[in-house]
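Here's a quick briefing on how the pieces of this protein pack together. Have a look at the sequence and the fold, then read on.

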Amino acid sequence: MARLDNKVAFITGVARGQGRAHAVRLAREGADIVGIDLAATLPGVPYDSATMADLAETAALVEAEGRKAFLEQADVRDLDALKRVVDGGVERFGGLDVVVANAGICIPATWDESTPEMFKDTMDINVTGVWNTVMATAPHLVTRGGGSIVMISSLAGMKMQPFMVHYTTSKHAVTGMARAFAAELGQHSIRVNSVHPGAVGTPMGSGTMVDRITETAASYPRLAPMGTPMLQQWLAEPEEVAAVVAFLASDESKFMTAEHLSIDGGAHAF
Ligand SMILES: NC(=O)c1ccc[n+]([C@@H]2O[C@H](COP(=O)([O-])OP(=O)(O)OC[C@H]3O[C@@H](n4cnc5c(N)ncnc54)[C@H](O)[C@@H]3O)[C@@H](O)[C@H]2O)c1
């Protein structure tokens, strides 16, 4: 028997990268997958955006694990759209047990080249989007009598990430949000934890992302090594983050809530 047999999981940002890895891993553990992705042009980012073809590929990968997938195009900034997809998934698959609030954007910019749009877009997606995700899903977990919510924060929400004040602000907000929801949802046996990856090898590093990070770091090179891992490995594979998410989703972490787990090779303490 797999750890998530007969469970249903909802994942945001499921088209590619870590979201896709979570979908495949949770399906392998026995869960049917409901998910959404913008699958369209992301605001302000220097990397490639996900597509509808990416979303379809994730659905195919979930089905290849022998589980069902109900993946739709939606924006985490749109609470009504999230509710429509989540309610539709619950109707199809009979309930909801696991939520992974994963969708996010990252725009490198030094403090003095940052714009109000960058700050607003980052907060709207990375913070309000996570809040919307919980608001659309938690009532179903209450009905089910319990569940596990995992929020994907970052090293930027545990220590910080230089040259993106807006991103660091948003990911610290997610850390606090996990703790605050954990407190109130505890009475419904719903656990809420956050996960804090350091650098992960995903399409977030495509396009001119690496160049932008290098350029911003040149403005104050002293800060550039802040994400240095203690281990020799520099980047996490998305599957390494998914393994921790699967643990938090499962009953193996049954007495863990309001916890903040780093997957960064020790960078948060370096
Ligand atoms: N890649 C890293 O180095 C890294 C490190 C730490 C934390 N994170 C966080 O991990 C999460 C996943 O990132 P990733 O590396 O897989 O990046 P990614 O860009 O490959 O995937 C993010 C997905 O979220 C989707 N998305 C973005 N905005 C959305 C919106 N408004 N509505 C719906 N979907 C939206 C994108 O279309 C994309 O498919 C993010 O929250 C990110 O901030 C990433």
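Predicted model: local features only at pLDDT ≥ 70, side-chain atom pairs only at ≥ 80, totals over all residues.

**Helix pair α1 and α2**

- Helix α1 (residues 17-28) packs on helix α2 (residues 52-64) at an angle of about 15°, and their axes are 9 Å apart.
- That angle is why α1 and α2 come out as roughly parallel to each other.
- As for handedness, α1 and α2 make a right-handed crossing.
- On the α1 side the contact uses R20, A23, V24 and A27, while α2 brings in D54, E57, T58, L61 and V62.
- Sorted by class, the α1 and α2 contact residues are five nonpolar, one polar and three charged.

**Helix pair α3 and α4**

- Helix α3 (residues 79-93) and helix α4 (residues 116-144) have axes that come within 9 Å and cross at roughly 30°.
- So α3 and α4 also count as roughly parallel to each other.
- The α3 and α4 crossing is right-handed.
- From α3, the residues in this contact are L79, L82, K83, V86, D87 and V90; from α4, they are N132, T133, M135, A136, T137 and H140.
- The class tally for α3 with α4 is six nonpolar, four polar and two charged residues.

**Nonpolar cores**

- The largest nonpolar core holds 48 residues, and F10, L96, I149, M151, L185 and V192 have the most contacts inside it.
- At least two residues each come from β1 (8-12), β2 (32-37), α3, β4 (98-101), α4, β5 (147-152), α5 and β6 (190-197).
- The top contributor to this core is α4, with nine residues.
- Setting aside residues up to four places away in sequence, M151 touches A101, V130, V134, V174, M177, A178, F181, V192, N193, S194 and V195.
- There's also a second, separate core of 28 residues, with I33, V195, A236 and V245 among them.

**A closer look at H172**

- H172 sits in helix α5 (residues 165-185).
- Leaving out neighbours within four places in sequence, H172 is in contact with A156, G157, M158 and K159.
- Of those contacts, M158 is 14 residues from H172 along the chain, and the C-alpha atoms of the two are separated by 6.8 Å.

Note on methods
Residues numbered from 1 in each chain as written. Heavy atoms only, no water. Axes fitted to C-alpha atoms, helices over the stretch in contact; angles between N-to-C directions. Helix = DSSP H or I, 4+ residues; strand = E, 2+ residues; numbered from the N terminus. Parallel < 35°, antiparallel > 145°, perpendicular 65-115°, else oblique. Left-handed = near helix turned anticlockwise from the far one by under 90°. Contact = heavy atoms within 4.5 Å. Nonpolar A, V, L, I, M, F, W, Y, C, P; charged D, E, K, R; others polar. Core = buried A, V, L, I, M, F, W, Y, C linked by side-chain atoms within 4.5 Å. Buried < 20%, exposed > 50% of the residue type's maximum accessible area, 1.4 Å probe, protein only.
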